[in-house]
Amino acid sequence: MKALVTGGAGFIGSHLAEALIKRGDEVVVIDDLSTGNRRNLSEISEDKKFSFVEGTILSEKLMGELIKGCEVIYHLAAAVGVKFVIDNPVRSIEVNVKGTEIVLEFASKFKRKVFLSSTSEVYGKTEDGFFKEDSDRVVGATTIGRWSYSCSKALDEFLCLAYYREKELPVVIGRLFNTCGPRQTGKYGMVIPRFVKQALSNEPVTIYGDGKQTRSFCYIEDTVRAIISLVEEPKAIGEIFNIGSETATTIEDLARKVIKLTGSNSDIIYIPYEEAYEKGFEDMRHRVPDTGKIHSLIGYKPHYNLDMILEKVIEYFRKTRA
Ligand SMILES: NC(=O)c1ccc[n+]([C@@H]2O[C@H](COP(=O)([O-])OP(=O)(O)OC[C@H]3O[C@@H](n4cnc5c(N)ncnc54)[C@H](O)[C@@H]3O)[C@@H](O)[C@H]2O)c1
């Protein structure tokens, strides 16, 4: 199988590319290195079955050639991270919407299967508890920048489903909940790498908001396994799947756990959302997936619990001082 991984120099894309190479696939990565890094691909960069193209998914010419030459596209390239999206609003919408349009247009032209990596952000600020794939979306006003990420990814999903229904393009949509592990950077607002770095350097661990918001975390290996299995499963075509863990934790408990596991002297401090992000910032109180659908189709359950994930991330930051 020859696979194209867009955004393959990023956190999730690089682990996915490695797993595909490991099982014998040929892999081409396209990445513009805006938030990704070539170093993330160092373990496979010399492999004969691997190639890297530095470029943007917004280039139709390039994408036409790359998509023609592969059998399946794992579309992960996107503007990611609440902070990044707020700081780069035009670029984020453009990459997430126009980039996906280009991928789907050529995938349809050459009849290639597409996996879209969507996000739990599409659920917005619904207070429903466990999110199911067909739950309603509740998002805030367009004046609040963070919701553009949710809407751009929702539009990607609409586009994928439209191509599936109207042009019979085989698409699979994964709605990823917080995924973590080595190589994830805390620069754009991701909470676990940020807390771990702060704790390891005995700086205050900074909680945005009151810390009572809940999140669930999934280890990268579990996420990659889910993506690959879904792409292999014919019954997944035309469907959306939550990918994540059902075990929730409050951000305050997460901060305490990180401090304990790192043996840090850090204090915990609270920063109002408006100071951390932007005026009028809204967050969702709870974000936990219902993973019944993916479990019934492919028997998926994450192997890693939060303690195991944190041990891995702490070890990574200790080793690399990244
Ligand atoms: N990490 C998570 O918890 C999480 C949660 C939900 C969804 N996702 C989705 O998973 C995907 C990967 O996210 P990640 O966490 O690995 O982030 P990441 O920032 O590490 O990866 C995104 C990659 O896309 C590349 N990219 C951005 N714009 C590009 C462009 N125009 N052309 C080519 N490459 C471009 C970046 O350089 C980067 O390498 C994204 O689609 C994201 O929306 C991630």
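Which element gives the largest share of the shell around the ligand? The largest share comes from helix H1, with three residues, where helices (H or I, at least four residues) and strands (E, at least two) are DSSP runs numbered from the N terminus. The model is a predicted one, in which local features need pLDDT of at least 70 and side-chain atom pairs count only at pLDDT 80 or more, while totals for chains, interfaces and linings use all residues. Residues are numbered from 1 along each chain as its sequence is written.

Around the ligand there are 27 residues, of which Gly7, Gly10, Thr35, Gly36 and Ala78 come nearest; a residue is near a molecule if its C-beta atom, placed from the backbone, lies within 6 Å of it. Two or more residues of this shell are given by each of H1 (11-22), strand E2 (26-31), helix H4 (89-110) and strand E5 (113-119). By class, the shell has 13 nonpolar, 12 polar and two charged residues, with Ala, Val, Leu, Ile, Met, Phe, Trp, Tyr, Cys and Pro counted as nonpolar, Asp, Glu, Lys and Arg as charged, and the others, Gly among them, as polar.

Seven strands form an open sheet in the order E3-E2-E1-E4-E5-E7-E12, with parallel pairing, two strands being paired if DSSP finds at least two bridges between them. Strand E3 (50-54) and strand E12 (239-243) are at the edges with a single partner strand each, so one side of each is left without a neighbour in the sheet. H1 packs on this sheet, touching strand E1 (2-6), E2, E3, strand E4 (72-75) and E5, and its direction makes about 165 degrees with that of E2. H4 lies across E1, E4 and E5 and runs at about 170 degrees to E4; axes are lines fitted to C-alpha atoms, for helices over the stretch in contact, and angles run from 0 to 180 degrees between N-to-C directions.

The buried residues of H1 include Phe11, Ile12, His15 and Leu20, a residue being buried if 20 or more other C-beta atoms, placed from the backbone, lie within 10 Å of its own. Gly24, which follows H1, has a positive phi near 105 degrees.

In helix H6 (residues 191-200), nine of the 10 residues are buried, so the helix is largely enclosed by the rest of the structure. The cover over these buried residues includes strand E8 (179-180), strand E9 (205-208), helix H8 (251-262) and helix H11 (306-320), where contact requires C-beta atoms, placed from the backbone, within 7 Å. Just after H6, Asn202 takes a positive phi of about 55 degrees.

Definitions and conventions: Buried ≥ 20, exposed ≤ 12 C-beta atoms within 10 Å, placed from the backbone. Contact = placed C-beta atoms within 7 Å.
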